[in-house]
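I went through a helix, a sheet, some charged pairs and a few backbone angles.

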Amino acid sequence: MDHVSAMPAKLPLHLYRETTRHGRAVYYVRVGHGPRTRIAEDYDTDAFWDAYRAALTGKQPPKQQGPETGSLAWLIGKYVESAEWSELSAATRKQRHTVYRIIEGTAGTRPARGIQKNDILASRDHRRDKPHAANNYVKAMRGLFGWAMDRNYVPADPTKGVKLLAGKNDDAGFHAWTEDECARFEAKYPVGTRPRLAFDVLLYTGLCRGDAVRLGQPHVRNGEFTIRTEKTGAVVIAPILPQLAASIAATQTGELTFICTERGKPFTKESFGTWFGKICRAARCPGSAHGLRKAGARRAAEEGATEAQLNALFGWADGSRESATYTKTANRAKLAREARKSAIAEAEKRTSDPALSARKSRTSKKLRIIS
């Protein structure tokens, strides 16, 4: 947008400036009593002066050409204008936009139909020092070519069979808060404080950070909350547990959201992450909201929740790897505890059995004689 201060003391020949009723500067070219030619480009840019020179000669300025039809950049442009793209969460679109801008600059002119699996593998491996960035690239290309296949823009999906890289701590992922860490946070921030309410919302709803900051009284009815998750679009319906209900009742909440700033305004996902990390460090606890969500999932699994129930509570897809992980871990822990109890009971039984004790005594005497 042009500013008055940017206007030179004297405009070039046949160039005129006017100010609209909205206070915006517009420029046009008029030679003598001829027609006025409006210049749409921003003032003092290369495109502006190209249009000015073209208007002086009566020619149309050269149009900026878009990507060639069928190129990778052209395909990306089509994808980001599609209904499927608009259905993605804002976070996913932002992440993929970053990947696509890089691709447009490095390989945008390549024919989309000519992209092969080896190209995807090479690009993934080029990012192998940053596994998460490499995986974001693969996911972005899967979305692009999966959509392109449905539209018959490409004959095959080059991402098919391309695996994600294993990153550092991928087996464990985010650190799940331990019971000691939860107790430490609760001791630092009692019920009725804003930090404790944020903690309780995350722990007792199982919502991701982006959904937790949106949850509020408008989502609650008959003791249950209903919310559509921003990442997957899944609808989560779950009870407001007594611990959370007590925390909400004791805390000053926002008008639309339970978690709010000091001024009662909703947090953005990013600003909440910064604030929550700060209060967690003050309590000597992990600063990960996702780790607290994992603690909630662990508790639910240990209390007997099935995979289907975990999927419903946490908004995971049916057959998800996450729910299976928690139930298997809980089952192993249960089996281990039962095995230990059985071993202890067997040992106590042996000790209290007179016949067994006598046999043990005779065996000890024989060992002394032999030695």
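This is a predicted model: local features need pLDDT of at least 70, side-chain atom pairs count only at pLDDT 80 or more; totals for chains, interfaces and linings use all residues.

Next I looked up burial along α4. Which residues of α4 are buried? I found Thr92, Arg96, Val99, Tyr100, Ile103 and Ala107. What do the buried residues of α4 pack against? I noted α2 (72-79), α3 (83-86) and α6 (131-150) as their partners.

**Sheet**

I traced an open sheet of three strands, and its order is β4-β5-β6 with antiparallel pairing. I marked β4 (220-221) and β6 (235-239) as the edge strands, since each pairs on one side only. Between β4 and β5 (residues 224-228) I counted two bridges, again in the antiparallel sense. Which residue of β5 stands opposite valine 220? I read off phenylalanine 225.

**Salt bridges**

I have a total of 12 salt bridges for the structure, and I looked at some of them in turn.

I took arginine 53 and aspartate 50, whose side chains meet at 2.8 Å, N to O. Both belong to helix α1 (residues 46-57) and are three residues apart, about one turn of the helix. Arginine 53 has 47%, so I list arginine 53 as partly exposed. Aspartate 50 has 34%, so I list aspartate 50 as partly exposed too.

I then checked aspartate 125 with arginine 124, a salt bridge whose closest N and O atoms are 2.9 Å apart. Aspartate 125 counts as partly exposed at 27% relative accessibility, whereas arginine 124 is buried at 12%.

I also looked at glutamate 179 and arginine 298, with the closest N and O atoms of this salt bridge 2.8 Å apart. This pair links distant parts of the chain: glutamate 179 is in helix α7 (residues 179-188) and arginine 298 is in helix α12 (residues 289-302), 119 residues apart. For glutamate 179 I have a relative accessible area of 39%, which means partly exposed.

**Positive phi**

I looked up aspartate 44, which has a positive phi of about 65° although it is not a glycine. I placed aspartate 44 in the loop between β3 (37-39) and α1. The cut-off for exposed is over 50%, and aspartate 44 is at 51% relative accessibility, so I count aspartate 44 as exposed.

Arginine 284 was my other entry here. Its phi is near 55°, a positive value in a residue other than glycine. Where does arginine 284 lie? I found arginine 284 in the loop between α11 (269-282) and α12. At 60% relative accessibility, arginine 284 counts as exposed.

Definitions and conventions. Residues are numbered from 1 along each chain as its sequence is written. Side-chain values use heavy atoms; hydrogens and water are left out. A salt bridge is a side-chain nitrogen of Lys or Arg within 4 Å of a carboxyl oxygen of Asp or Glu. Helices (H or I, at least four residues) and strands (E, at least two) are DSSP runs, numbered from the N terminus. Buried means under 20% relative accessible area, exposed over 50%, partly exposed in between (1.4 Å probe, protein chains only). Two strands pair if DSSP finds at least two bridges between them. Contact means heavy atoms within 4.5 Å.
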